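Hi,

Here is the structure I promised to pass on. Have a look at it first, and then read my notes below.

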Amino acid sequence: MFIKNLSKAAGALALVGVVAPFLVQSVGAADEPTSALSGVAGVSDPSGSEVLDHAAQSAGGSGTASGTSYAGIGFESGDLILYQVPNFDFSMNNKIADDTYGLTTASTSGSRMAVIVDNRYTAKKAENNKFNWTLSAQAANFNYVGGNRPLASGHFSLLLNDAGGDKGTDAEVQPTIPASQNQKGNPKLVYEVGTSITDGSVTLNKGVNILNSAPAEVASVTNSARPGATGLNFSNKYSAEFVVTADGISDIVPGKQYNSDITWTLTASPLH
């Protein structure tokens with residue numbers, strides 16, 4: 001999946017399956033680059049060479065020769081990118097009951113994350129004009145192929161970051177600075193968990209039900225001065241939970257593989 005309008009990025013990913021990287025490349029320059037040496041004093045050919053013709057050795061003896069060439073570069077504001085979103089697999093082997101079901105396994109690779117990359121004009125942040133973003137998610141009603149009895153909102157919930165109590169605070173979604181492994185020119189890879197964020201810049205809502213009639217806010221950043229990647233770590237098996245109510249039991253058909261699509265929406269304010 002390739003997202004071009006990255007400041008308005010939104011992605012949908014199948015609920016069950018292997019996490020696939022979003023093949024997104026930040027566009028940091030215009031399609032037709034302009035010269036960073038145009039008009040610079042002494043530059044005769046920005047894309048060529050400077051003629052020196054300075055002798056290091058002449059008939060009168062030996063010595064050194066020196067001269068000047070030029071290098072130039074400039075930057076435009078980067079993008080706010082929704083790079084990666086997690087899959088949630090609750091397994092096929094759940095006994096029907098009004099209960100809460102965790103993910104089938106923990107992510108041993110630490111790659112089950114939502115990752116937002118903020119490459120916007122960081123100089124403005126130093127001027128106290130800092131940037132915000134909000135990440136929301138909405139799951140479609142669960143159904144199976146050819147099914148007409150969906151596991152719909154009201155009788156069922158898909159909760160994010162609801163862990164606590166006997167599951168412990170370690171089961172909660174953790175903000176992290178992901179391991180950096182997606183440099184320009186290299187194959188795009190799935191980010192993995194890196195260093196925990198301790199500056200309080202990320203707000204994570206608890207107990208967010210994304211199986212609902214409207215998108216639900218999962219996380220937000222306000223007045224952030226930290227550029228680069230921010231990850232929301234769903235590695236723990238209880239970081240997402242599927243809830244069945246007593247009223248929903250009669251809607252379930254045993255032995256069917258129910259799936260849902262989750263639409264993730266990244267909202268930027270201001271855009272640049």
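Before the rings, one definition: rings of Phe, Tyr and Trp (its six-membered ring) count as a pair if their centres lie within 6.5 Å. By that rule, Phe 90, Phe 142, Phe 156 and Phe 242 are linked by ring pairs into a cluster. Please keep in mind that this is a predicted model.

**Aromatic pairs**

In total there are seven aromatic pairs in the structure. Take Tyr 83 and Tyr 191: their ring centres are 5.1 Å apart and the planes sit at 75 degrees, so this pair is edge-to-face; planes over 60 degrees apart get that label. Tyr 83 belongs to strand β4, while Tyr 191 is in the loop between β9 (174–177) and β10, so the pair ties together parts that are 108 residues apart in sequence. Are these two buried or exposed? Tyr 83 counts as buried, at 4% relative accessibility, and Tyr 191 is buried too, with a relative accessible area of 7%.

Phe 88 and Phe 234 make another edge-to-face pair, with centres 5.4 Å apart and planes at 65 degrees. Phe 88 is buried at 0% relative accessible area, and Phe 234 is buried at 1%.

**Cores**

Phe 88 turns up again in the largest nonpolar core, which has 42 residues; Phe 88, Leu 135, Ile 210, Leu 232 and Trp 264 have the most contacts inside it. Several strands give two or more residues to this core, among them β4, β7 (131–139), β13 (216–224) and β16 (261–269). There is also a second, separate core of seven residues, including Ile 81, Val 115, Val 117 and Ala 229.

**Strands**

Two residues of that second core, Ile 81 and Val 117, are also bridge partners, with Val 117 sitting in β6. Their strands, β4 and β6, pair in the antiparallel sense over four bridges. Which strands make up the open sheet? Five of them, in the order β4-β6-β14-β9-β10, with antiparallel pairing. β4 and β10 (195–196) are the edge strands, each pairing on one side only.

Elsewhere, β7 has two partners worth a look. β7 and β13 are antiparallel and share six bridges, and Ala 137 stands opposite Ala 216 in β13. β7 and β16 also run antiparallel, joined by eight bridges; there, Thr 134 has Thr 267 in β16 as its bridge partner.

**A pocket and a loop**

The second largest pocket holds about 510 Å³ of space. It is lined by 24 residues, and the closest to its centre are Ser 91, Met 92, Asn 94, Lys 256 and Tyr 258. What classes make up the lining? There are 16 nonpolar, five polar and three charged residues.

Finally, Ala 71 is in the loop between β3 (61–62) and β4 (80–84). With a relative accessible area of 78%, Ala 71 is exposed, because anything over 50% counts as exposed. The C-alpha atoms of Ala 71 and Ser 47 are 9.9 Å apart, and the two residues are 24 residues apart along the chain.

Cheers

How values were computed: Residues numbered from 1 in each chain as written. Predicted model: local features only at pLDDT ≥ 70, side-chain atom pairs only at ≥ 80, totals over all residues. Heavy atoms only, no water. Buried < 20%, exposed > 50% of the residue type's maximum accessible area, 1.4 Å probe, protein only. Core = buried A, V, L, I, M, F, W, Y, C linked by side-chain atoms within 4.5 Å. 1 Å grid on protein atoms, 1.4 Å probe; cavity = no way out; pocket = protein on both sides within 12 Å on 5 of 7 lines; lining within 4 Å. Points joined across faces, edges and corners; volume = space filled by probe spheres on them. Nonpolar A, V, L, I, M, F, W, Y, C, P; charged D, E, K, R; others polar. Pairing = 2+ DSSP bridges. Phe/Tyr/Trp six-rings, centres within 6.5 Å; stacked < 30°, edge-to-face > 60°.
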